[in-house]
Amino acid sequence: MGGCAADLPHRGRRVPRRPAAPVARALLRRRGRRAVAAGRRRHRRPGPGRALLHAYFLRAGEASAPTGLRVERVRDGGSYSTRRVTAEQSGRAILELTASFQVAEAGFTHQVPQLLAPEPESLPTAQEAAAEIDGPLREWFEQLTRRHPFDIRFDGELPRVAASRGEPAPPQQRFWMRSLEPLPDQPLVHAAALAYASDMLMLSTSLAPHARAVGAPDVAAASLDHAVWLHSPARADEWLCFEQESTWAAGGRCHCSGRLFDRAGRLVMTVAQEGMVRPLGPR
């Protein structure tokens, strides 16, 4: 991604209200380019920087309601810039987000997780998967690309499918994804698209061992705490593989994590999420 958040509004300034959108996406879209120029003046290696977004979901938001963004300039250093963002609807905070941006620089490099997945072209589309399923689950697959603007190809059976049979499944899933439409050659647009997709289907992994699914009438589920590390630039309109898993659930909460790889196997994004998952009654 190019640049840091150096041109975000000053402390306490409010960004004009707009129909609600994922705040990470709105924040990334508003980022300036001044830090890139500063990095070049310091003769750093040119290229995209990195970003960390950490959000706390405080209240449910209304997608059709205007959302105000209040941005605080926390720090501007030689390599890092930090912003704090509050999203508000009807005068009430619905989300608090801290974002840290780093200019590009050389450094130690290693990567432990490796991508071992079939090619996306060998996997069925959501529509093809739906053709083999009946009932409400078929409608879920058919609606998938309407809810999320991505071509999604699942590797293996989704835990949701096992849950529809009343069967538990391992708390993990993997799928390839790319945007349905080509995106412009602007790194910020692609970074925003990845931030938008970073929690897509994530919480469902926590319910797999319990033969439940997000959206079922006997389950209440919501994101509480969401962190995104954008390690390297990647095009959201090219194939990316998203591996997701849940390592813990208890007391009405769960922890999930995700790793996003490009087709060459490079780790481009890491995600961690804590969510609320509550049974609403006897099964």
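**Note on the predicted model: strands, pockets and confidence**

1. Strand β8 (219-230) and strand β11 (residues 267-279) pair in the antiparallel sense over eleven bridges. Two strands are said to pair if DSSP finds at least two bridges between them. Strands (E, at least two residues) are DSSP runs numbered from the N terminus. Within this pairing, Trp-229 has Thr-270 of β11 as its bridge partner.

2. The model is predicted: local features need pLDDT of at least 70, side-chain atom pairs count only at pLDDT 80 or more, and totals for chains, interfaces and linings use all residues. Residues are numbered from 1 along each chain as its sequence is written, and side-chain values use heavy atoms, with hydrogens and water left out.

3. Strand β11 also pairs with strand β10 (residues 253-262), in the antiparallel sense over nine bridges. Here Gly-258 is the bridge partner of Val-271 in β11. The two strands, β10 and β11, form a hairpin with four residues between them. In the turn, Gly-265 has a positive phi of about 90 degrees.

4. The average pLDDT of the chain (the predictor's confidence in each residue, from 0 to 100) is 84, and 82% of the residues score at least 70. Over residues 1-11 the pLDDT is below 50, and this stretch has 51 contacts in the model beyond near neighbours in sequence. A contact means heavy atoms within 4.5 Å. Residues 16-48 likewise stay under 50, with 85 contacts beyond four places in sequence.

5. The second largest pocket has a volume of about 590 Å³. On a 1 Å grid over the protein atoms alone, a pocket is an open set of points with protein on both sides within 12 Å along at least five of seven lines, whereas a cavity is a set where a 1.4 Å probe fits but cannot get out; lining residues have an atom within 4 Å of a point. Grid points are joined across faces, edges and corners, and a volume is the space filled by probe spheres set on the points.

6. This pocket is lined by 23 residues, of which Arg-50, Phe-108, Thr-109, His-231 and Ser-232 lie nearest its centre. Strands β2 (50-57), β5 (92-102) and β8 each supply at least two lining residues, and β2 gives the most, with three.

7. The count of cavities of 30 Å³ or more comes to three. The second largest cavity has a volume of about 50 Å³. Its lining consists of Trp-140, Leu-158, Pro-159, Arg-160, Gln-173, Leu-201 and Ser-204.
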